[in-house]
Structure formats: C-alpha cells, structure tokens
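Biologist: Could you walk me through this one slowly, please? I'd like to begin with the overall picture and then look at a few details.

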Amino acid sequence: MPSDPVMSVRHRQLSAELRRLRQARGVNAAEVADAMGWDRTKVNRMERGKWKRLNPQDIRALAEYYGVSEGQERDALVELAKQSKLKGWWERYGDLLGSSSYVALEAEAESLWSYEALVIPGLFQTADYASAMLRGRVSLDVIERRTQLRLARQERLHGAGALSVCSVIDEAALRKFIGSAEIMRAQLRHLIAANEQPNVELRIVPNSAGAHPGVAGQFVVLDFPLAPGASVVFLENAHDGFYLDDPAHVEQYRHIYNGVRELSLDVHQSVEFMRGLHDELEWPS
C-alpha cells in the first residue's frame with residue numbers, strides 16, 4: 001500500500017523521475033546528498049515523495065548533477081516541481097472527498113482498467129442514475145453536489161488528452177434496478193453511446209460466464225503518462241478505499257482484469273446485449 005495515497009500524480013511523477021535519473025547516474029542517495037551539500041535524508045525524502053514543497057532550483061541543480069542537458073528535459077522537471085504544488089479542480093469538492101485521493105489520481109491518469117461488479121462505473125453514470133444511487137441516504141444538497149462531482153469527473157472522457165478507459169461490467173450491475181425503469185433505460189442508452197467513443201471500451205461479462213477471476217470484487221488500475229512505474233490499484237470500500245502501488249500487486253490485478261475480459265462479450269456483443277436489456281427486460285414498476 002502506498003505510504004501516502006494523497007500524494008498527487010505530479011508528485012509521484014517527479015519522485016519517480018528523480019529516482020530514475022539517480023540510478024542511471026550509478027550513485028546512491030547519500031552520495032548525491034554529499035555532492036549537493038544537503039542533509040543525507042533529503043534525497044531519499046524527495047524520491048519517496050515525502051515533501052510538500054520543492055525548491056525548483058534544487059531540481060535544476062539535481063538535473064545538472066545527473067547530466068540532464070540544459071533545455072526541454074531539464075525545464076520539464078522544473079515545471080513538474082512547480083505544478084506539483086498546484087491545486088486541482090477537485091479541491092472545490094473537498095467537503096465530499098475528505099482525504100480521498102482517487103479523484104485526483106483519476107483526473108491525471110492516462111489510462112484506466114476496471115472491473116465493476118454491482119453498479120455502473122461512476123465515469124459512465126447518468127446524472128439521474130447517480131442521484132438515485134444516493135436518494136434516501138443523504139440530503140438533497142449533498143446529492144446535488146455529489147452528482148455534480150460525478151459529472152465533472154466525466155469530462156476526462158472527452159477532448160484533448162482524453163482518458164483511455166477499458167472497463168468490464170458484470171451483468172448484475174445492469175440488472176440492478178436503480179431509481180426507475182426510465183432511469184435504467186436511459187443509463188443503458190448512455191453506455192451504448194459511450195462505447196462509440198474511440199477512447200472507451202465497455203464489455204459485459206454475462207452471468208453465463210459463471211465464477212471468474214473478478215468475483216472477489218470491483219477494482220480500478222490507473223496508469224500515468226510520465227511515470228509508468230507509478231501505477232496504482234484502487235479498491236473501493238465504504239470509507240474511501242485501499243491503494244496498492246507495489247508493482248507485483250499492480251501486475252496481479254492486471255492479470256485479473258485480463259482474465260475477466262477474456263470471459264466477457266466483445267464490444268459489439270456487449271452493445272447488442274445492452275440493447276436487448278433496454279428493449280425486452282421487464283423492469284419493476
């Protein structure tokens with residue numbers, strides 16, 4: 001489990017890159033600290049993300065010591081140090097998110113792989129479905145704010161740098177009645193339309209698949225553009241969730257995802273399956 005799951009993606013990227021540059025230079029952290037005239041713990045803290053603010057000049061000096069040529073690469077490191085201090089759009093929902101970092105991770109990820117067992121993934125929920133999920137459990141004001149947050153997350157699916165999403169959804173999630181018949185039909189139409197986007201792949205694993213590698217529960221694997229070694233697995237629970245970033249754990253969940261995907265319907269079959277549910281299933285009144 002990550003030592004600090006609240007650490008931003010830029011934070012992770014910079015720490016990972018500093019560690020990579022030191023290893024490429026063939027020196028240990030103590031040797032770097034001595035060369036820079038720093039406390040011997042400073043380099044370790046920088047590489048582990050145990051910092052809140054970094055002096056851009058320290059990053060520039062480190063880049064020079066590591067042999068990074070003056071220019072675009074060095075400037076990119078300095079810029080990353082500056083950006084790591086910036087707040088994201090999700091900060092305005094701090095009253096809802098608390099200490100959760102999942103939305104921050106999702107907002108800056110490059111790709112996402114997930115399995116959802118019981119409900120439609122948040123990135124693909126309609127406003128009515130999201131509201132119906134909360135009705136009766138929280139106040140109307142909180143429902144409205146949480147729905148706004150969910151729709152804000154979905155902006156990552158569109159435009160330049162859109163998030164690439166591959167998601168397997170269990171048939172049980174499609175059959176779970178949330179809200180009303182019309183809400184469920186609209187939700188199915190929304191999923192069908194989403195599958196037409198070039199950056200989205202939604203597959204359905206039918207009940208006929210029986211027991212499969214994902215039966216233990218839903219999960220998300222997040223990858224990041226500048227730090228491929230800093231991928232994270234998110235396991236949701238009632239209080240927020242667990243974060244796993246050990247490479248062996250990440251690889252284990254990729255293997256689970258691939259196993260579930262192999263048992264799922266392909267994209268065309270999944271669309272036809274959802275159309276069939278939309279047109280033929282008798283929803284409760």
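Modeller: Gladly, and please keep in mind that this is a predicted model. The protein chain has 13 helices and 6 strands.

Biologist: How much of the protein chain counts as buried?

Modeller: Of its 285 residues, 49% count as buried. The protein chain exposes about 14500 Å², and carbon and sulfur atoms supply 50% of that area.

Biologist: And what about contacts between residues at least 6 apart in sequence, how many of those join residues at least 24 apart?

Modeller: In the protein chain, 73% of the contacts between residues at least 6 apart in sequence join residues that are at least 24 apart.

Biologist: Let's pick a helix. What can you tell me about H12?

Modeller: Helix H12 covers residues 247-263, which makes 17 residues, and from its first C-alpha to its last it reaches 25 Å, close to the 24 Å expected at 1.5 Å a residue. At the start of H12, a side-chain oxygen of Asp 246 comes to within 2.8 Å of the backbone nitrogen of Ala 248.

Biologist: Which residues of H12 are buried?

Modeller: Val 250, Tyr 253, Ile 256, Tyr 257, Gly 259 and Val 260 are buried in H12. An α-helix has 3.6 residues a turn, so residues three or four places apart point the same way.

Biologist: How does H9 look next to its expected span?

Modeller: Helix H9, residues 140-153, has 14 residues and reaches 20 Å from first C-alpha to last, close to the 20 Å expected at 1.5 Å a residue. Its buried residues include Ile 143, Thr 147 and Leu 149, and Ala 152 and Arg 153 in H9 are buried too.

Biologist: Switching to charges, how many salt bridges does the structure hold?

Modeller: The structure holds 11 salt bridges. One of them joins Glu 17 to Arg 20, with the closest N and O atoms 2.6 Å apart.

Biologist: Where do Glu 17 and Arg 20 lie?

Modeller: Both are in helix H1, which spans residues 9-25, and they sit 3 residues apart, about one turn of the helix.

Biologist: Why does Glu 17 count as buried?

Modeller: Glu 17 counts as buried because its relative accessible area is 16%, and the cut-off for buried is under 20%. Arg 20, on the other hand, is partly exposed, with a relative accessible area of 40%.

Biologist: What about Asp 34 and Arg 40?

Modeller: Their side chains meet in a salt bridge at 2.6 Å, N to O. Asp 34 is partly exposed at 43% relative accessibility, and Arg 40 is partly exposed at 49%.

Biologist: And are Glu 201 and Arg 203 buried or exposed?

Modeller: Glu 201 and Arg 203 are both buried, and their side chains meet in a salt bridge at 3.1 Å, N to O. A network of salt bridges links Glu 201, Arg 203 and Arg 261.

Biologist: Last topic, then: how many aromatic pairs are there?

Modeller: The structure holds 6 aromatic pairs. Among them, Phe 234 and Tyr 243 form a tilted pair, 5.1 Å centre to centre with 45° between the planes.

Biologist: How accessible are Phe 234 and Tyr 243?

Modeller: Phe 234 is buried, with a relative accessible area of 6%, and Tyr 243 is buried as well, at 4%.

Biologist: Which residues do ring pairs link into a cluster?

Modeller: Ring pairs link Tyr 102, Phe 234 and Tyr 243 into a cluster.

Notes
Residues are numbered from 1 along each chain as its sequence is written. This is a predicted model: local features need pLDDT of at least 70, side-chain atom pairs count only at pLDDT 80 or more; totals for chains, interfaces and linings use all residues. Side-chain values use heavy atoms; hydrogens and water are left out. Helices (H or I, at least four residues) and strands (E, at least two) are DSSP runs, numbered from the N terminus. Buried means under 20% relative accessible area, exposed over 50%, partly exposed in between (1.4 Å probe, protein chains only). Contact means heavy atoms within 4.5 Å. Accessible areas come from the Shrake-Rupley method with a 1.4 Å probe; for residues, only the protein chains shown count as cover. The expected span of a helix is 1.5 Å times one less than its number of residues. A polar contact is a pair of N or O atoms within 3.5 Å; within protein, one must be able to donate a hydrogen and the other to accept it, and residues adjacent in sequence count only if both atoms are side-chain atoms. A salt bridge is a side-chain nitrogen of Lys or Arg within 4 Å of a carboxyl oxygen of Asp or Glu. Rings of Phe, Tyr and Trp (its six-membered ring) pair if their centres lie within 6.5 Å; planes under 30 degrees apart count as stacked, over 60 as edge-to-face and the rest as tilted.
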